[in-house]
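Hello,

Here is the structure we discussed, with my notes on it below. Please look through them before you set anything up.

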Amino acid sequence: MGFFDSDRWNEILQTISRNRKRSIMTALGIFWGIFMLVVLLGAGQGLGRMARSSLGDMTVNSAFFIPDQTSIPYKGMPSDRSWRLSDDDVEAVRANPAVKYAGGVIFGGTHNCARGSLKGDYHIMGYTPEIHSHIHIQPLLYGRLLNDMDQMHKRKVCVIGTQVWKDLFPGGGDPSGSIIQVGGSYFMVVGVVVKKGMAELGSDTERTLFVPASLAQQLFGRGRTVDLLAVAGEEGLPNREVVDICRRTLFARHIIAPDDPRAAWVISTTDLLENVSRLFRGISLLTWIVGLGTLLAGVVGVSNIMLVTVKERTQEIGIRRALGAPPAAIVSQILSESFVLTFIAGVAGFAAAVGTLSLADSLYYHTMVATLRGPEITMQIPFGTGLLALFILVSGSLAAGIIPVVRALRIKAADAIREE
């Protein structure tokens with residue numbers, strides 16, 4: 001009699017029906033175990049994707065330098081000394097073979113901006129062309145980005161964020177060529193950028209006007225200084241090596257001890273990604289431990305109900321042995337019952353978990369992505385992870401039947417017939 005014979009299925013279903021209460025409780029335990037495992041895995045991986053996407057399209061092998069006070073006396077220079085970055089520092093770093101792109105950023109503060117009767121307070125940031133195009137990349141909605149000619153001739157042009165566009169251009173459409181007033185100055189809009197990711201360089205992208213760095217230096221009386229230096233290293237070169245080379249170049253130019261730990265605040269995208277990866281590897285491990293623990297409780301329940309079933313069917317099993325039923329038939333009977341109970345409850349729990357994650361994806365999309373605020377991510381687990389969870393479930397169901405199988409095989413026909 002094969003596993004898929006109708007008689008076998010009827011026998012399995014009758015056994016489950018006879019132990020309805022125990023079967024339901026065990027099935028609920030298995031359902032909840034696989035449901036929690038998949039949902040927790042999906043939530044953990046979704047949060048990991050969200051954290052990684054917070055960098056947007058920022059170049060992976062990049063770093064950002066902001067000067068701070070020195071902490072070590074060096075070559076006659078005292079500690080607690082302030083220093084500033086300049087255009088010459090940007091050029092010196094850019095000339096290094098390890099650096100592919102380098103650019104400067106000017107923090108211009110918040111200013112009242114107007115277009116006709118429409119007004120709002122927005123950030124002004126000075127960017128060299130490399131920032132938006134190669135380092136902190138933001139996708140365009142309309143127009144173009146700042147270019148070398150804008151920087152060279154200090155053109156009064158700006159690229160605006162989406163919130164500025166919505167506030168000052170409520171009718172929508174391409175605002176390129178329109179004029180925005182900032183104090184006593186007038187800027188022509190050349191493009192609109194969409195915020196991608198959560199990483200920022202000193203201001204909220206959506207509420208910022210980006211102008212050429214050379215123009216920002218002139219407007220705000222900064223001379224040739226910059227507030228932040230951004231670099232992108234050559235592909236294949238370790239990020240820490242790029243950071244070390246840039247640090248040595250800057251410190252040598254400003255007579256700062258090479259090993260001064262506080263002279264500059266350095267943000268490395270590689271370090272950020274590694275920290276995020278370590279955090280979510282820990283979350284994933286904890287998720288597996290909790291989920292598998294819940295599954296184990298369900299598997300133990302399957303084993304218990306099978307033990308009770310074997311006890312109740314002692315006479316039946318003994319008679320079958322007396323009539324010549326081989327051990328394989330008894331093993332198949334017990335394992336098939338545990339497998340069916342576990343598989344049905346497990347698949348139901350898995351389907352419910354996938355549905356829950358799909359609902360979470362839909363809610364996230366309509367509340368975040370559709371409003372141009374959040375990165376497009378999904379909380380669905382990879383197909384291979386789903387197969388692994390089902391494999392663990394099926395393996396657990398078969399393992400749950402081992403103890404009942406051993407008990408059934410030890411039943412002697414004569415003893416079973418005398419059993420009441």
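Arg155 is partly exposed in this predicted model, at a relative accessible area of 33%. Its salt-bridge partner is Asp150, with an N to O distance of 3.1 Å. Asp150, by contrast, is buried, and its relative accessible area is 0%.

A search of the whole structure gives 13 salt bridges. Another of them links the side chains of Asp167 and Arg207, at 3.9 Å from N to O. Asp167 sits in helix H6 (residues 162-168), while Arg207 is in the loop between strands S8 (185-193) and S9 (208-212), so the contact ties together parts 40 residues apart in sequence. Both ends are partly exposed: Asp167 has 29% relative accessibility and Arg207 has 31%.

Helix H8 covers residues 239-253, which makes 15 residues. From first to last C-alpha it reaches 21 Å, close to the 21 Å expected. Its buried residues include Val242, Val243, Ile245, Cys246 and Leu250. Within H8, Asp244 and Arg248 are 4 residues apart, about one turn of the helix. In an α-helix there are 3.6 residues a turn, so residues three or four places apart point the same way. The side chains of Asp244 and Arg248 form a salt bridge with an N to O distance of 2.2 Å. Asp244 is partly exposed at 34% relative accessibility, and Arg248 is partly exposed at 45%. Elsewhere, salt bridges with shared partners join Arg84, Arg222 and Asp227 into one network.

After H8 comes Ile255, which has a positive phi near 55 degrees.

Regards

Notes. Residues are numbered from 1 along each chain as its sequence is written. This is a predicted model: local features need pLDDT of at least 70, side-chain atom pairs count only at pLDDT 80 or more; totals for chains, interfaces and linings use all residues. Side-chain values use heavy atoms; hydrogens and water are left out. Helices (H or I, at least four residues) and strands (E, at least two) are DSSP runs, numbered from the N terminus. The expected span of a helix is 1.5 Å times one less than its number of residues. Buried means under 20% relative accessible area, exposed over 50%, partly exposed in between (1.4 Å probe, protein chains only). A salt bridge is a side-chain nitrogen of Lys or Arg within 4 Å of a carboxyl oxygen of Asp or Glu.
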